[in-house]
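Welcome! Let us take a friendly walk through one protein chain and look at a few of its details together.

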Amino acid sequence: MVDSRLGHWLKLLVSLMLLLKTQGLYVGITYVKSAVAKGAVCLDGSPPAYHWDKGFGTGINSWLIHFEGGGWCNNVTSCLSRKKTHLGSSKLMGQQIAFSGIMNNKRPFNPDFYNWNRVKIRYCDGSSFTGDVQAVNPATNLHFRGARIWLAVIEDLLPKGLKNAENALLSGCSAGGLASILHCDSFRALLRMGTKVKCLSDAGYFIKVKDVSGAPHVQTYFNEIVTLHGSAKNLPLSCTSVLKPSFCFFPQYVAPQVRTPLFILNAAYDSWQIRNILAPSIADPLGVWKSCKLDINNCSPLQLKSMQDFRLQFLNALNKSTNSSSRGLYIDSCYAHCQTETQEKWFMEDSPVLGKKKIAKAVGDWFYDRNPFQKIDCPYPCNPSCQNSGLAPPDNPEV
């Protein structure tokens with residue numbers, strides 16, 4: 001009895017030590033106070049912020065710029081609520097955050113980017129860094145300035161070494177993954193000629209699809225975001241010149257025109273999209289989907305059929321975005337959302353595998369042109385390496 005309990009505690013201790021080893025790096029916050037004079041501010045008017053861990057060794061002139069995710073706000077009410085959180089005010093952001101996964105500074109856990117300059121841009125505007133409305137209503141004091149934040153952070157980093165970048169990767173998760181697509185070409189334009197520039201979107205390929213009630217919920221929601229934040233002028237002109245601006249918030253209408261090499265990493269059964277786009281609460285008033293959304297193993301045959309149909313619509317929306325050999329594609333069959341930021345999904349012994357490659361290896365090979373990678377997984381539940389359960393990340397509120 002004692003031996004078994006001791007063995008149990010030893011296992012826990014080893015697990016804890018491994019966790020500390022892989023996620024032991026905490027990086028302090030930098031406030032871009034000079035941005036306030038330019039009107040580049042969070043929803044509440046506070047300065048934008050980022051976390052930067054300096055590169056070293058062979059990575060001293062390589063830069064990974066990573067957008068934080070965290071949903072959006074689509075009306076005054078939701079933006080006022082957001083303003084009272086770290087997703088709307090830098091005053092409420094933690095002074096330090098853990099860097100893990102693609103941000104990790106240890107080679108065994110992040111083989112290709114561990115010694116790069118790694119920057120995480122904090123998300124406090126609610127528009128995937130696209131908003132720009134000059135007027136501020138004194139009654140709400142809401143500032144819609146996401147696009148200005150993006151430029152202000154880059155302007156702050158350029159003299160700190162970004163202007164000398166030899167390699168640069170713009171990445172992001174969720175709403176940040178969408179931002180990495182929308183700003184991909186403009187990022188390349190802000191850097192010097194000769195810099196190797198690529199972009200990585202993690203769980204940012206949100207698709208225009210009807211919900212389980214047959215309503216165009218996400219289309220309406222994205223239209224409200226673009227309208228409220230004045231995003232139209234900051235969305236890619238290649239899209240807005242031919243389509244309604246709100247359509248250009250959907251990657252399926254933007255990504256085909258992106259000229260910079262782009263890697264799309266997404267779960268075909270993206271857990272956030274299943275929970276908020278396919279089966280949002282408004283389309284499921286009786287909560288029939290509640291248990292299924294929490295864990296795919298709880299889904300009924302009919303719900304699984306809806307999810308398989310969603311996967312087919314996702315792949316169809318992705319189709320035109322894979323029209324270039326410079327594109328990377330890693331579409332696994334996991335029930336997941338954001339796979340670059342957590343160590344267990346990015347690069348660990350039991351991380352997801354597709355085409356015999358873990359995500360970190362596929363992205364690294366693609367960035368350095370060692371091997372191209374464009375693979376789509378077979379339908380659920382065919383991939384045993386997936387960890388298909390867990391709750392939605394707390395930074396991704398429901399729409």
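Both Cys 42 and Cys 124 are buried, where buried means under 20% relative accessible area, exposed means over 50%, and partly exposed lies in between (1.4 Å probe, protein chains only). Before going on, a word on the background: this is a predicted model, in which local features need pLDDT of at least 70 and side-chain atom pairs count only at pLDDT 80 or more, while totals for chains, interfaces and linings use all residues. Residues are numbered from 1 along each chain as its sequence is written, and side-chain values use heavy atoms, with hydrogens and water left out.

**Disulfides**

A disulfide is a pair of cysteine sulfur atoms within 2.5 Å. How many disulfides does this rule give? The count comes to eight. Three of them are set out here, including the link of Cys 42 and Cys 124.

| Pair | S to S distance | Angle about the S-S bond | Handedness |
|---|---|---|---|
| Cys 42 and Cys 124 | 2.1 Å | -70° | left-handed |
| Cys 73 and Cys 79 | 2.1 Å | 90° | right-handed |
| Cys 378 and Cys 382 | 2.0 Å | 100° | right-handed |

The link of Cys 42 and Cys 124 has an angle of -70° about its S-S bond. This pair links distant parts of the chain, 82 residues apart: Cys 42 is in the loop between strand 1 (26-31) and strand 2 (49-53), and Cys 124 is in the loop between strand 5 (117-121) and helix 3 (146-157). Helices (H or I, at least four residues) and strands (E, at least two) are DSSP runs, numbered from the N terminus.

Are Cys 73 and Cys 79 buried or exposed? Cys 73 counts as buried because its relative accessibility is 1%, and Cys 79 is buried too, with a relative accessible area of 0%. Cys 378, in contrast, is partly exposed because its relative accessible area is 36%, and Cys 382 is partly exposed at 31%.

Tyr 380 and Pro 381 are joined by a cis peptide bond, with omega about 10°. Pro 381 has its place in the segment after strand 12 (374-376).

**Strands side by side**

Two strands pair if DSSP finds at least two bridges between them. Strand 1 runs antiparallel to strand 4 (residues 96-98), and three bridges join them; here the partner of Gly 28 is Gln 96. Strand 1 is also joined to strand 2 by three bridges, again antiparallel, with Thr 30 opposite Tyr 50.

The axes of helix 9 (residues 271-278) and helix 11 (residues 301-318) come within 12 Å and cross at roughly 105°. These axes are lines fitted to C-alpha atoms, for helices over the stretch in contact, and angles run from 0 to 180 degrees between N-to-C directions. Helix 9 is therefore roughly perpendicular to helix 11, since angles of 65 to 115 degrees count as roughly perpendicular, under 35 as roughly parallel, over 145 as roughly antiparallel and the rest as oblique.

**Positive phi values**

Ala 203, in the loop between strand 7 (196-202) and helix 6 (217-229), has phi near 60°, a positive value in a residue other than glycine. Ala 203 is buried because its relative accessible area is 2%. Lys 356, in the loop between strand 10 (353-354) and strand 11 (357-358), has phi near 65°. Lys 356 counts as exposed because its relative accessibility is 83%.
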